[in-house]
Amino acid sequence: MIVLFNPLSTSPGKQPLPLSLMSLASMLEARGDAWTLVDGNLAADAAAEIIAQLRIVPRTQVSLLAVTVMPGPQLTHAVEVCGRVRRELPAVPIVWGGYFPTQHADTVLRAPYVDFVIRSQGERSLLQLVDVLRSGGILNSVGGLSWKGSGAAETSQIVNNPVQPLAGLDELPELPYHRVDMERYLHPNYLGRRTVAHNSSFGCPFACSFCAVVAMSNRRWLAQSPARMATVMGHLATTYRVDAVQMHDMDFFISEARTAEFAERIADLGLRWWALGRVDTLMQYSDATWDKMARSGLTMVFSGAESGTDATLALMNKGGKSSAALTLELARRMRHYGIVPEFSFVLGCPPDPENDVARTFDFIRRIKQINPATEIVLYTYTPVPLDGSLYTEAKRLGFAFPETLEQWASPAWEQLSMRRGDGIPWMNAPGGGIRRRVRNFERVINAYYPTVTDARLTRWHRAALRAASAWRYGLKWYGAPYELRALQRLMHYQRPETTGF
Ligand code: B12
């Protein structure tokens, strides 16, 4: 029995289908291995459920706890639950995979309650690991596996097997939707009443120096074919009455031909959809493709605009043809097609975080002038362990990752992982520093241009927020916006990224 565990995320209850685990489950299901999914967002006591499932497995069968982990609240929950499972069932092996373990395999394996890490794409590697555990083969044969070599747990040498070539997505089985309670994973939001999550590709060919995807795919991009995607969309629409889809791809739009054909194939399904793509890629698309995308129900596109200055974009190693001017062009182009741009920014990058922030604020104002519907998502630079100037500069300015999972799971590091600037040394000068400036600016801009994604905001709410913030926006007076905070709290204002957009 393989128990797949999705730890608790930020806002329990409204979480998307856990696609990472569903992809692993598809492989187990296809070859008839026993598996079950325990979702920490839905279970009252996930550890108890896991223990109950694994306790009844006969000794002759393989039992394994497989956990997906992102930095932040998920990690904290994973630490707690795995510790409990290890104490109750010390013989059950535990494997972690996903974004956090891929980047920090050594730290993860220093914990006594994690035996294995699978780095990067997991489908084939998980089966290989299960086979080794079942028949006693050699661990060196498992692609992308990190494991503890001989010796005591604390001192043993960690072995990192090379990652195997990525599997093509059309070669992988369909997700076993019928094995989970899909009703729990369909949510009303700006896109539709029954919005589902889907992933149609793996990887990204670029190597931005702030992005965790680089470690995951090493600049490869493999995608489902438009025919396969359209079949899945049809199945979701007819079987589960899905009316909207959020594509969780690392970059959906890399291939224009794929996007155009997909848009044609799903045009009659009446779906609204959302996906993530690069500014330069989308600007290279022809008008004909944009027409098809608009007609197929594309409602909103998330793009990493990152910064208002080309110098910072270069430092971030954005690559391609990225430039601030192109971001403005995309805002204009999307206004024409009635598709909402959602631009995220990574603020406060070294070496001159103050200047970066000031220039990006002005840039965001220009975007809003061009296309007021644009959603703005503000993150503060949170290092990822990639070779390159950003991480090197961050270390020079006093940044260091924790060395144990317990430190990672502390409230301070949980907050830091949320990329809001808490705990980053150069963001937290006396008086709040950059972090405070970003949050204040965010409050003013969100009041002056309230998000289109929050359906509960009435026209009156929007008018009140705008009126209250007009003087600040006009004078660029962002400091201490307590009255706006009070107003937004009163209206339960939700920032787009906290609702999953
Ligand atoms: C969906 C999603 C979420 C969902 C979580 C849903 C869930 N639990 O599954 C929600 C909205 C809750 C969320 C929240 C956050 N997220 Co998030 N999220 C994503 C997103 C868009 C897609 C992940 C996904 O499902 N991909 C599809 C599946 C099929 O691929 P996969 O997850 O990579 O899984 C494969 C492999 O990784 C591996 N694998 C994964 N798990 C396991 C487990 C085992 C045992 C094995 C063997 C293999 C394995 O095999 C899988 C199949 O090949 C990614 C970006 C992206 N496009 O990847 C960001 C991403 C993972 N999130 C990120 C962040 C930072 C966050 C937040 C912390 C911050 C924030 N403010 O947004 C919050 C808080 C999360 C928390 N800790 O609670 C970052 C991680 C950065 C980092 N340094 O590692 C990412 C990479 C976005 C980004 N580009 O920066 N997120």
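**Tour of the predicted chain**

What you have open is a predicted model.

Switch to a cartoon view and step through the secondary structure. The protein chain has 20 helices and 15 strands. Its radius of gyration is 23 Å, close to the 23 Å of the globule rule for 501 residues, so the chain is as compact as a globular protein of that length.

Display the surface of the protein chain. The accessible surface is about 20800 Å², and carbon and sulfur atoms contribute 53% of it. Then colour the side chains by charge: 53 are positive and 46 are negative. The centres of these two sets lie 5 Å apart.

The last stop is a single residue. Select residues 353-370, which form helix α14, and pick out T360 within it. Is T360 buried or exposed? Its relative accessible area is 0%, below the 20% cut-off, so T360 is buried.

Keep T360 selected and show what surrounds it. Which residues does T360 contact, leaving aside neighbours within four places in sequence? They are S307, G308, F345 and L347. Select these four together with T360 to see the contacts in one view.

Note on methods: Residues are numbered from 1 along each chain as its sequence is written. This is a predicted model: local features need pLDDT of at least 70, side-chain atom pairs count only at pLDDT 80 or more; totals for chains, interfaces and linings use all residues. Side-chain values use heavy atoms; hydrogens and water are left out. Helices (H or I, at least four residues) and strands (E, at least two) are DSSP runs, numbered from the N terminus. The radius of gyration is taken over C-alpha atoms; the globule rule is 2.2 Å times the number of residues to the power 0.38. Accessible areas come from the Shrake-Rupley method with a 1.4 Å probe; for residues, only the protein chains shown count as cover. Lys and Arg count as positive and Asp and Glu as negative; His and the chain ends are not counted. The place of a charge is taken as NZ of Lys, CZ of Arg, CG of Asp or CD of Glu. Buried means under 20% relative accessible area, exposed over 50%, partly exposed in between (1.4 Å probe, protein chains only). Contact means heavy atoms within 4.5 Å.
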